[in-house]
Amino acid sequence: MLRGSGNCPRQGTNLRHHSAPGPTRDLSHPDPPALTSWSWKYPDELCQRAVRLYRESDQKPVIRRLAEQLGVHHEALRNWIRQAEADADERHDRPTSEMAEENRRLRREVTELRRANEILKAASAYFAAELDPTRRRS
């Protein structure tokens, strides 16, 4: 169904869950950004319920109206629906949740490898200069 859609918080993080429907602030980040740039998150249950209501309706409801009834932003609901359709292989204009998560993981890995490569380059240059007998030491 709607796993890890990006707009819904990840399961198992109790800082984002609350009893009233609607957005909460993402407080799980160890060093949260400035107050104005915090993103709003909705509980997984609300995301899944909203998508299920939309998909199981015989007559597709207007997204804006359904979003108002559920107390979520209409663009958030639209994104959840699009992601659920991508995950169900019903649309091909966006990656599935699994593919998006894999892309994020690979980007982090590439960043880490580039950082390690820069350290190794600097270390090899340092040691090459230390071991080169033709260079004068200052």
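Student: Leaving aside neighbours within four places in sequence, which residues is His-74 in contact with?
Tutor: Happy to start there. Contact means heavy atoms within 4.5 Å. With its neighbours within four places in sequence left aside, His-74 is in contact with Ile-63, Arg-64 and Ala-67.

Student: Before we go on, what sort of model is this, and how are its residues numbered?
Tutor: This is a predicted model, in which local features need pLDDT of at least 70, side-chain atom pairs count only at pLDDT 80 or more, and totals for chains, interfaces and linings use all residues. Side-chain values use heavy atoms, with hydrogens and water left out, and residues are numbered from 1 along each chain as its sequence is written.

Student: How far apart in space are His-74 and Arg-64, C-alpha to C-alpha?
Tutor: In sequence, His-74 and Arg-64 are 10 residues apart. In space, their C-alpha to C-alpha distance is 5.0 Å.

Student: Is His-74 buried or exposed?
Tutor: We call a residue buried under 20% relative accessible area, exposed over 50% and partly exposed in between, using a 1.4 Å probe and protein chains only. His-74 is found in helix H3. Because its relative accessible area is 16%, His-74 is buried.

Student: What pattern does the protein chain follow along the sequence?
Tutor: Helices (H or I, at least four residues) and strands (E, at least two) are DSSP runs, numbered from the N terminus. The protein chain has four helices and two strands. Read along the sequence, the pattern is β-β-α-α-α-α.

Student: Which helices do the buried residues of H3 pack against?
Tutor: H3 covers residues 74-87, which is 14 residues. Its buried residues include Leu-77, Trp-80, Ile-81 and Ala-84. They pack against helix H1 (44-56), helix H2 (63-70) and helix H4 (97-131).

Student: Are H1 and H3 roughly parallel or roughly perpendicular to each other?
Tutor: Axes are lines fitted to C-alpha atoms, for helices over the stretch in contact, and angles run from 0 to 180 degrees between N-to-C directions. Angles under 35 degrees count as roughly parallel, over 145 as roughly antiparallel, 65 to 115 as roughly perpendicular and the rest as oblique. The axes of H1 and H3 come within 10 Å and cross at roughly 75 degrees. H1 and H3 are therefore roughly perpendicular.

Student: Which residues of H3 make that contact with H1?
Tutor: On the H1 side, the contact is made by Cys-47, Ala-50, Val-51, Tyr-54 and Arg-55. On the H3 side, the residues are Leu-77, Trp-80, Ile-81, Ala-84 and Glu-85.

Student: And at what angle do H1 and H2 pack?
Tutor: The axes of H1 and H2 are 11 Å apart, and the packing angle is about 140 degrees. That makes H1 oblique to H2. So the value you asked for is about 140 degrees.

Student: Is Asp-89 buried or exposed?
Tutor: Asp-89 lies in the loop between H3 and H4. Its phi is near 60 degrees, a positive value in a residue other than glycine. Most residues other than glycine have a negative phi. With a relative accessible area of 53%, Asp-89 is exposed.

Notes:
Expected span 1.5 Å × (residues − 1).
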